[in-house]
Amino acid sequence: MIPGKDTTTERVETQKEKYGSFALFDIEHFLRRLLKNWYWFAFMFFIGYAISWVYSKYYAQNIYASNISLSISNNTSSFFTPNQSINFIWGQGGNQDGVYLKKMLLSRTHNEFLVKELDLFVNYSTKGVIKSTYLDRDDSPVSFQIDRKHLQQMDYPVTLVPKGKNTFEVVLPEDGQSTNLYSYEAESFSNINPYQRPANKIIKIGEWYTSPNLRFRLIANPKKSEIKLENIIVKLYTVNQSVTNIVSNIGVDFDKEIGTIMIITKTGYNLNSTVNFLNMSVNQLQKRRLADKLTVDKNTDVYLKDNLERIRKKLDSSADVLNYMKTSEKLYDIKDRDEKSLTKIKELEAKKADIESKITSLNQIKQSLEAQSFEKMISTTAAGFQDGFFSASVSELKALYLKKREMALIYKPDSEPMKEINRLIDDAKMNSSGALRNYYSGYYNEIGKINQQVDQANSDLSTYPEKQRRYLDAERGYSMIEATYNSLMGRQNETQMRMAGNQSDITVIDPAKNVGQPPIAPNIKATKLGIIGGLLVLPLLFILIGELLDNKIRNIKELLNATRIPLLGVIGNNSNENMLTVLDQPKSSVSEAFRGLRANVRFLSGENGESKTILITSSIGGEGKTYVSINLASVLGLSDKKTILLGMDLRKPKIFGDFKIDNKYGISNYLTGEVEMEQIINKTRIPNLDVATSGPIPPNPSELLMSDRNIKFIEDLKELYDFIIIDSPPVGLVADSYELMKYSDANIYVVRHEYTEKYMLKMITEKYHNGEINHLGIVYNDYTVKQGYGYGYGYGYGYGYFDEDKFYREPLLIRIRNKVQQIFNKK
């Protein structure tokens, strides 16, 4: 085996496979189509700009944002904080109090309180000719006060039209009244009997308006609105809808540098509404937080008073015993007292008494927790510690118990939701009990250490007589009770001082304020670009799809690269009514192109150096093979070459019409033996050009064309004529032309611009490169290049050389360029 031989063969085979394969996408033609259809892009740009302008002016609803910044002091957690999220992040490190407060701000309970307290379920707007604008309650001259005991229809636009003298006309929609109405007391829907649409009515401020689906009155806004409104549209929403809408538009973040600074943001359609809501929300939060703190401190103060009363009685009793021993047993002056040991014991026992008092307070907290008596909970400061995590766990446990009571009305005890809430309660109990166990353990460890030190000090007093030891024990007992009393008294003073000077642990740094801040959405610029860009994409997309689906030949360069078949000539568009362009328009560019084709055909010559028999074919009908045949034959005849044109497309005769020849007898008659050769040869007005028409359509055209008589016919004509032009059938429809090509000296394949399908060239290309067809060339027919992109066949060159030039007008861009050049040349 010769090295590399197979590889070379394989490469050649691969190259052959590429012949006849066209690129899927012609970028050059695509760009030309874009330029050709520029007016669609201009039109779409205008439409897009108009739509975006109308949208931004009449339909776009601006969204505004305002924010408020708060400073949060440590240990802000409270046992009475309402209804935290069930999914509280246990063990949250860092700014635990801030995270806790964030949960509270976003909680349903807090926002539901605001909705009910401030009537935030009432929404105000006004409508112009096209666009509706959302209003804040302060923007309206009147506020809408409903009767909460009356059923109300939700999402039902009530239009208030000012009529002067503090009166308004109530205008209801023509339809849309519902029998499913909402109760703000029960926060649920109820059905009523059908009713007629309530009539429009004029009411005064303060006067109740009553209908089956509404009951309200208008209250004059104490803050005079600066906006003159032609109408006020009011809609009511459920409490749940209002809360959900508020929570979804609130954002809470923390300052990156100072974690105790919280920034709350509210978005909405009206800037004043966002500002007022944030300030009201924080104000209510401060009040409720302060009330929660006072409740805990009051419980603690009552608890400490009770304990002080009990300890005071013990202290009085202990003092009586000590005085009795001093006076009756004369033990007030003990000789050789070890004052150092006695002082140490008193200090240790006073410390122990303080810890035992804290444990007692811790027991009280534990009992309240186990009994679910959250309203009686005392402050952890009474137990000697402050723990935000424990406070948060207690609040979470309280919320879970409330949730469980609500769920018990809906679910069975053994249902999955109830099992889940019980699991969450057990987890919360474990967290809160775990925190208490840690403090218990710490306190008992301290007491154990104190007891060891006391026992060691007592050993130094073992030498005292029994009577004296009893006196010393009484004195130590009194000191312990006194220390406990003083400790409780100190905590009570702290509690009372805290109650007297108690302030909210939330401090507003920067309140929410309307400073004319621009809307944050929608992005009008981006919207305009999106609308205009989207519309501009439509013609681009249509042209692109058309280009991808278009399988026509439109590019000469691509045609030659794909087929690798020589190009003999490019024929421009035929503007003549008939096919005799060379005869009727001899000075046209098309006629000149046929003269160039005549010259190029000799490059396909056979061995004798001259192509006597030229066969012209194409893929299908309509590509111009007959047109090329007629005009090539005419050019040859006019050049003093004896030429004959044979109409061998027996299935579809054409030639006779243009030359005004009778087609009664033709090649089909000759091949069947009906007539002689001289009878089918017709003279034309060109002396050296004869024509043999096809004749009547035979039933067996293929057999006639492949017959020996036809071969001899062609051979006989070669003796009589310099050139034989054969107008043969299309090879894409029948195989007749392939057989005739064996007897021709040159073969011309006609491809029509923007007409011939690319796939049709596959077969002729393969046969050419496989050596089955020789002396083949392509004629590119009906090629035009539109004005504005350059010059081309069929439109003249603009220099008076061809007949078309008298109608030629330079493209606009060329005219502008020439005019500019003239201006500068004058200077």
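Modeller: On a 1 Å grid over the protein atoms alone, a cavity is a set of points where a 1.4 Å probe fits but cannot get out, and its lining residues have an atom within 4 Å of a point. This is a predicted model, in which local features need pLDDT of at least 70, side-chain atom pairs count only at pLDDT 80 or more, and totals for chains, interfaces and linings use all residues. Residues are numbered from 1 along each chain as its sequence is written.

Colleague: How many cavities of 30 Å³ or more does the structure hold?
Modeller: There are three. A volume here is the space filled by probe spheres set on the grid points, which are joined across faces, edges and corners.

Colleague: What volume has the largest cavity, and which residues line it?
Modeller: The largest cavity has about 70 Å³. Its lining consists of L24, F25, D26, H29, E547, D550, K552, I553, R554, N555, E558 and K758.

Colleague: Changing topic, where is A500 found?
Modeller: A500 lies in helix α11, residues 466-500 (a helix is a DSSP run of H or I of at least four residues, numbered from the N terminus).

Colleague: Why does A500 count as exposed?
Modeller: Because its relative accessibility is 72%, and exposed means over 50% relative accessible area (1.4 Å probe, protein chains only).

Colleague: What separates the C-alpha atoms of A500 and L294?
Modeller: The separation is 9.5 Å, with the two residues 206 apart along the chain.

Key
Side-chain values use heavy atoms; hydrogens and water are left out. On a 1 Å grid over the protein atoms alone, a cavity is a set of points where a 1.4 Å probe fits but cannot get out, and a pocket is an open set with protein on both sides within 12 Å along at least five of seven lines; lining residues have an atom within 4 Å of a point. Helices (H or I, at least four residues) and strands (E, at least two) are DSSP runs, numbered from the N terminus. Buried means under 20% relative accessible area, exposed over 50%, partly exposed in between (1.4 Å probe, protein chains only).
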